[in-house]
Amino acid sequence: QNGKIVNNLPRPFSSALDAFTVPAFDLLPMKEYEYALLGKPFSLVETSRGCPYPCAFCLKTMYGSNYRVKKLENVMKELQHLFYELDIPNIYFFDLEFTLIADRVKKLCKMIMEDGMDLRWTCQTRVDRVDRELLRLMRKAGCELIHYGAESGNERTLEMMRKGITLQQIRDALKNSREEGILTTVFVLLGYPGETLEDMQLSIKLTKEVNPDFVSFHVATPYVGTEFYEAVKNELGGKVFPTAYESKDWTVKDIEMMRRKAFREFYFRIGYCKTALSLSRRLGVRGLTIGARMLISLAR
């Protein structure tokens, strides 16, 4: 307005999630949606909103910190509609922390199994919110893949991030998931304030040690509204949408080079060959296609 940005007052977060009925999926081209690691068709399903953890880099503007859930009976209605009426067996539970309440997830898994739906699904959660019993039940209920936010391979950076996890918890979660037959994706941030290039190399080393099925390295970005941004905003030169944080020890170009190095070190190694062969057997032609696309993009 008159050359200035005007921010409306934030609306309150919806607390009664059960007020949202089953989405009108039939109005969308559901058969065209694909999640590469699950297949086609697939749909997103939400069972909760919010995350109570204080990770300094995380922007929770959309959902907030207050954790609230949808009744499992209503979640089941949504799943049944997708599976039985629209013939969609692949589901991505996109809750920020799907296993935050273990007993709730166990109940949902039992409801899925009792119903008889042959679902293949994925979710995202923290490494400190899973155990063998929970993972075993999730696998029986159709869990194919879990996305874990490991974020860093050294304890000091994890503490600076206020992540609240340990390297041993990362190791345990990946080991237990693998032994229960669940594929894993690990997310790692590079370029957090206080890190050195040597610290980032430790993150690469950890991913090779725990050897998830997939890993995705990202550049730490100080989004407005995060604790991360507030800590470094005076160093950003007035940028409203910075793409990365640049320290006195490394530049954004250094981080991008480290990111490419990380992908290559992880995927282009003998230790990943066994994983790739296992994925090709489990995911078939689709798995090989995913792998080929990934390798081509990394080789550029």
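Is Glu 227 buried, partly exposed or exposed? The tour returns to this residue at its fourth stop. The model in the viewer is a predicted one.

**First stop: the whole chain**

Nine helices and eight strands are present. The radius of gyration is 20 Å, close to the 19 Å that the globule rule gives for 300 residues, so the protein is as compact as a globular protein of that length. Along the principal axes, the C-alpha atoms fill a box of roughly 55 × 55 × 35 Å. Of the 300 residues, 49% count as buried.

**Second stop: helix α8**

Select residues 252–267, which make up helix α8. At 1.5 Å a residue, these 16 residues should span 22 Å, and the distance of 23 Å between the end C-alpha atoms agrees with that expectation. Now show the side chains of Ile 255, Met 258, Ala 262, Phe 263, Phe 266 and Tyr 267, which are buried. Turn the view until it looks down the axis of α8: the buried residues fall within an arc of 145 degrees, so they line one face of the helix. Next, select Lys 253 and Met 257. These two residues are exposed, and they sit on the face of α8 turned away from its buried side.

Select Glu 180 and Arg 136 to see one of them, in which the closest N and O atoms are 2.9 Å apart. The pair links distant parts of the chain, 44 residues apart. Glu 180 belongs to the loop between α5 (167–179) and β7 (183–190), whereas Arg 136 belongs to helix α3 (residues 132–140). Arg 136, with a relative accessible area of 37%, is partly exposed.

Select Arg 139 and Glu 144. Their salt bridge has its closest N and O atoms 3.6 Å apart. Arg 139 counts as partly exposed at 28% relative accessibility, while Glu 144 counts as buried at 7%.

Then select Glu 227 and Arg 162, whose side chains meet in a salt bridge with an N to O distance of 3.0 Å. Glu 227 lies in helix α7 (residues 227–232) and Arg 162 in the loop between α4 (155–161) and α5, so the pair ties together parts that are 65 residues apart in sequence. The opening question can now be answered: Glu 227 is partly exposed, with a relative accessible area of 39%. Arg 162 likewise counts as partly exposed, at 40% relative accessibility.

**Last stop: a nonpolar patch**

Switch to a surface display and select Leu 27, Leu 28 and Tyr 33. These residues form a nonpolar patch on the surface, and their accessible area together is about 320 Å². With 45% relative accessibility, Leu 28 counts as partly exposed.

How values were computed
Residues are numbered from 1 along each chain as its sequence is written. This is a predicted model: local features need pLDDT of at least 70, side-chain atom pairs count only at pLDDT 80 or more; totals for chains, interfaces and linings use all residues. Side-chain values use heavy atoms; hydrogens and water are left out. Helices (H or I, at least four residues) and strands (E, at least two) are DSSP runs, numbered from the N terminus. The expected span of a helix is 1.5 Å times one less than its number of residues. Buried means under 20% relative accessible area, exposed over 50%, partly exposed in between (1.4 Å probe, protein chains only). The arc is that of the directions from the helix axis to the C-beta atoms. Patches are made of residues with over 30% relative accessible area and no salt bridge: like charges are joined within 9 Å, nonpolar side chains (Val, Leu, Ile, Met, Phe, Trp, Tyr) within 5 Å. Accessible areas come from the Shrake-Rupley method with a 1.4 Å probe; for residues, only the protein chains shown count as cover. A salt bridge is a side-chain nitrogen of Lys or Arg within 4 Å of a carboxyl oxygen of Asp or Glu. The radius of gyration is taken over C-alpha atoms; the globule rule is 2.2 Å times the number of residues to the power 0.38.
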